[in-house]
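Please look over the chain shown here before reading the briefing. The notes are grouped by topic.

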Amino acid sequence: MRLVLLGPPGVGKGTQGRRLAAALGRPLISTGEILREAVAHGTPLGLEARRQMDAGRLVADDVMIGLVRERTSEADAREGFVLDGFPRTVSQAEALDGLLAERGQRVDMVLYLWVGEQDLVRRLSGRLECPVCKRAYNAAGAMPRDGVHCDDHPGTELRTRADDVEDVVRQRFEEYRTKTAPLVDYYTATGQLRSVLGRGSVDEVYEALRRAAGRDPQATPTT
Ligand code: AMP
């Protein structure tokens, strides 16, 4: 099962993707997460990506395509994966189709998670993240039990992501509107897209995603 999660910044792709991937028994491949790790470790990829990420701009297609080609060929991803944050441009989508076709594979389904932009800006400006497990919390919704530390890592204080500040958020939406939103048409044309409204609790949205995915019996997550 090769699943793509598509949607605007802050819609909950990471949170839901983690859960879907666990239910499917496949790895979650988050390109944003891979880039943030690379930045944190000061690798050549991190040095190249950092300036773009800090400005809320997309990293170059060829860099991202190379990264995904490599990651999806690793042993744990051979039988499938959940992609979060890739593809983000039509070129990336075409490259993904091409590299999977070389392996006799294809994207089985694209789940498009969406809510209105105003809600998203509010969510992003209150978003906090655990630096250890990357779990996301939100001042407007689910906060940790003690308000400060990750529920799963009680010694770890939550932090704001560097690109969740206002002007960077605005730029990320601009990139989304101009470069990523056309993928809705791209995957509608191929018949792979299923739309899900991302409003409600984390559990409610997860159920909606499961229902959408479950329209294909092969794809039903088990938990
Ligand atoms: P995310 O965690 O998915 O919100 O991604 C954070 C940042 O990483 C984005 O704002 C981009 O700068 C970069 N990024 C992640 N995935 C991609 C991608 N597929 N193409 C280009 N840039 C990306």
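Predicted model: local features only at pLDDT ≥ 70, side-chain atom pairs only at ≥ 80, totals over all residues.

Residues are numbered from 1 along each chain as its sequence is written, and side-chain values use heavy atoms, with hydrogens and water left out.

**The sheet**

- An open sheet with parallel pairing is built from 5 strands in the order β2-β3-β1-β4-β7, where helices (H or I, at least four residues) and strands (E, at least two) are DSSP runs numbered from the N terminus, and two strands pair if DSSP finds at least two bridges between them.
- Because β2 (28-30) and β7 (193-197) stand at the edges with a single partner strand each, one side of each is left without a neighbour in the sheet.
- From one strand to the next the twist averages 20 degrees, with axes being lines fitted to C-alpha atoms, for helices over the stretch in contact, and angles running from 0 to 180 degrees between N-to-C directions.
- Strands β1 (residues 2-6) and β4 (residues 109-114) run parallel and are joined by 4 bridges; Leu3 has Met109 in β4 as its bridge partner.
- Helix α2 (residues 31-41) packs on the sheet, where it touches β2 and β3 (81-84), and its direction makes about 60 degrees with that of β2; contact here means heavy atoms within 4.5 Å.

**Helix α9**

- Helix α9 (residues 202-214) has 13 residues and reaches 18 Å from its first C-alpha to its last, close to the 18 Å expected at 1.5 Å a residue, the expected span being 1.5 Å times one less than the number of residues.
- Its buried residues (under 20% relative accessible area, with exposed over 50% and partly exposed in between, for a 1.4 Å probe and protein chains only) are Val205, Tyr206, Ala208, Leu209, Ala212 and Ala213.
- Seen down the axis of α9, these buried residues fall within an arc of 160 degrees, so they line one face of the helix; the arc is that of the directions from the helix axis to the C-beta atoms.
- Exposed residues Glu204 and Arg211 are carried on the face of α9 turned away from its buried side, whereas the cover over the buried residues includes α1 (13-24), β4 and β7.

**Loop residues**

- Phe86 and Pro87 are joined by a cis peptide bond with omega of about 0 degrees, and Pro87 lies in the loop between β3 and α5 (90-102).
- Lys134, in the loop between β5 (127-129) and β6 (136-138), has phi near 70 degrees, a positive value in a residue other than glycine.
- Lys134 is buried, with a relative accessible area of 15%.
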